[in-house]
Each structure stands twice: as C-alpha cells, then as structure tokens.
Amino acid sequence: MTTTFEPKSAETSGNAAVKPRFEPKPPWLKVRAPGGDTYHDIKATLRKLDLFTVCEEARCPNIGECWREGTATVMLLGDVCTRGCRFCAVTTGDPRGAVDVREPEHVARAIARMGLQYVVMTMVNRDDLLDGGAEHVGRTVARLRALRPDMLIETLVGDFQGHLSHVDVVVEAGPDVFAHNIEVVRRLTRSIRDVRAGYDQSLDVLRRAKARQRTIAASAKGDGGAPRRLTKSSIMVGLGETDEEIVETLRDLREAEVDVVTLGQYLRPSPKYAPVKRFVTPEEFAAFGKAAMEMGFLYAASAPLVRSSYKAAEVFIHSALRGDGESGEQAEALLGERLAVAQREAARVAAELGPAEQDEGEEGGKRAPAPPRTSPLIPLESLVRR
C-alpha cells in the first residue's frame, strides 16, 4: 500500500541541475479559490470585528466549505510560539509572558455576533506562562458559552508541557471537543516536533482529557446529564512514515480513548522546513479512514486536504449521532437547523451588545474603541498546519 513519491527530474541549465523550490503537487491537492455570498459576508464581518482566523492566515484549502456551514478557527494568545517544530511556520520566539487580558472578552463578543454554529479556539504554545495559557483559553470558552449557549466550541490546545492539571482547567471550562494533535508517528516525533513535545506526552494529555470529561459527566447525572463531550487528534502523513506506523498511531490514539481522528497530507511551508517524502493518494487515505473506523473511532476524516479543524461542525454532528440510528441525510438536516439557530442567536447577541465599538466593559461602563492593531492575531505570513 505504501507509495513513495518520485520527484520529477530537475531541469538543467548548462551542466548544472536546477532544483525547484517545491516539488510538483499531484492533481488531487489542487482546489478552487473560495467564494460565494456566505464566504464574503463572513470575511467582511471578521474584518469589522477585528477578528482574524487561522482559516485565512494558514490559507486553508477548506475555508470555503467550512465557512459555508458556519465553522471558523481563531487563534488565542498571540502569534509567537515558544516552540520550533519543523512542520509549522508560526514565528518562534519568547513572548516573555505577554498576554492581552482583554482578549477572552473581545474574542467571545466578536464570535458571538457571528452566525457561526461551531468555533475552534486554537493557540500557540506558551511555555513562558506558568499554566501554558490554560486559564486564558478557559475564560474565553466560558465567556463565549455564556453569550451563545447554542454554539459548539472546540479547543485545539498544546500539551502544557505534560502538566495534566492544566488540561483539567481547559476541560472544566466546558468545550464540546478537547483537541490536541499528536501530529506524527512515534518514530518521527523527535525529528519533526519540538524537543519539548513527546508522543507519549500527547497521549497522556488526550487520556487525561477524556478521564476528566467522564468525571464531569458522571457528576452531572443528577442534574439531568451533561452534553456529550469528545476528544480529538490529528495526524500528518507524507513525512517519511510507513503505512504500518500510521496504523500503529491510530491504534495508540484509540487506546487513549480518543473519539475523533483526522488525517491529512503534510505540505511544506517553505524550503527550510521538513521536506515532503511522499504524496499519499486519496485511495490510501480512504483505507486509513476505514481502518480507523474499524478500531472504534466515532468518526475519522481522512483525505489529502483534511486539516485538524476540517469541517468541524459536520465531524462533530456525525460523531455525536453515531450509534443513534441517524442517517447522513438526517445529520445534514440537523446541520442546517443548527446554522439557522446560530444566525438567529447571533442577531440576538448583536442587538443586546449594541455596535461592536460600543461594547460595555466588565464593570458595565462604556469603553472607547480599541486602538488599531499593529498586527492581527496572526501575521499574514504565518502558515499553520499546512
């Protein structure tokens, strides 16, 4: 099943070979530019609210599909990561503990005004903070939940250096999905991920999140039960792993009780990052997805252009309904109903909060418009999860 990508011969100039900066991509990795009324409406709203998404800044190929169904991904805690993984082009540095304490309120209010039914809150690794940013993420989740109880919330977070009490802080804030990406197979972890990351450490984070979700659900039984909470992880392929190692990673994730898994093709952000060793075919991805479902995952999204937040609303709905006898058509109908509710609730919140520039502060007083940002939440050149 393994397919090794053989690059085309380099063009020659005289007697010297000229190697292209990027290897040519197969046709299944080419997509049409996003567009349509919904896409442009969401884009305009984002700019008006001074809210930037990973969807745009990472130039995600699925942005059109996700935005049409009311899903978007935002990044918290700035644009400088304390780690330097060989697959990710986010700026590496030392933020020196800098945190915008207004961000949880601003982001929650901004997102609540939008007709989204699902939001993914992701973050850079912040090893410079004592709790890795867990409380900051938790406050954002809690505030958005208070404003928009109908919205589904996913947190895609780091490993908090293995401090599992920080995992608890995020889970206890109540996201519907706790996501943490294992990224690559065990053998490639040390060479592709930052030295502070770890294969087993990631499994421990996911295992702890599921255990905490289960405890919260058990304690809520007397109150009529808690809504279903899921855990999720993602694997990049094409970095030199074997098919057997991919299956082993899927098995390890399932043993950690991960509910949902996504698999997608790694694409090199620039020549200074890890090279693509092979382009996995759509048929191979389908086989990995089938293997994952046979292992007991609630849902597996496996295709070349899949990313960790790929069509997250649809993935959640199908996962939550699995085993309930719901057909694909019924799931699609539920997605449509949820989107209609989201648009109605967004209008309600916007009416209650008033114009964005007139938001009230936490003490109830009016605050002046925030000064223009010198940079967005994520700089234009940042490429996340390509």
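This is a predicted model: local features need pLDDT of at least 70, side-chain atom pairs count only at pLDDT 80 or more; totals for chains, interfaces and linings use all residues.

Colleague: What share of the protein chain counts as buried?

Modeller: Of its 386 residues, 53% are counted as buried. That label means a relative accessible area under 20%. As for the surface, the protein chain exposes about 17,500 Å², and carbon and sulfur atoms supply 52% of that area.

Colleague: Let's take a single residue, then. Why is T122 called buried?

Modeller: T122 has a relative accessible area of 9%.

Colleague: Where is T122 found, and what does its side chain reach?

Modeller: T122 is found in strand β6, which covers residues 118-123. Its side chain reaches the backbone oxygen of L156 at 3.0 Å. A polar contact needs a pair of N or O atoms within 3.5 Å, and the 3.0 Å here meets that distance limit. There is also T73: it is 49 residues from T122 in sequence, yet the two C-alpha atoms are 7.0 Å apart in space.

Colleague: What makes helix α11 largely enclosed by the rest of the structure?

Modeller: Nine of the ten residues of α11 (residues 312-321) are buried, so the helix is largely enclosed. Among them are F316, I317 and L321, along with E314 and S319.

Colleague: Now for the backbone. What is noted about the phi of L77 and of E257?

Modeller: L77 has a positive phi of about 70° although it is not a glycine. E257 is not a glycine either, and its phi is positive at about 65°. L77 lies in the loop between β3 (71-76) and β4 (80-81), while E257 lies in the loop between α9 (243-255) and β10 (260-265).

Colleague: Why is L77 called buried?

Modeller: L77 has a relative accessible area of 4%. Buried means under 20%, so L77 is buried.

Colleague: And E257: why is it called partly exposed?

Modeller: E257 has 33% relative accessibility. Partly exposed runs between the 20% limit for buried and the 50% limit for exposed, so E257 at 33% counts as partly exposed.

Colleague: One last thing: how many of the contacts between residues at least 6 apart in sequence join residues at least 24 apart?

Modeller: For the protein chain, the share is 75%. A contact here means heavy atoms within 4.5 Å.

Key. Residues are numbered from 1 along each chain as its sequence is written. Side-chain values use heavy atoms; hydrogens and water are left out. Helices (H or I, at least four residues) and strands (E, at least two) are DSSP runs, numbered from the N terminus. Buried means under 20% relative accessible area, exposed over 50%, partly exposed in between (1.4 Å probe, protein chains only). A polar contact is a pair of N or O atoms within 3.5 Å; within protein, one must be able to donate a hydrogen and the other to accept it, and residues adjacent in sequence count only if both atoms are side-chain atoms. Accessible areas come from the Shrake-Rupley method with a 1.4 Å probe; for residues, only the protein chains shown count as cover.
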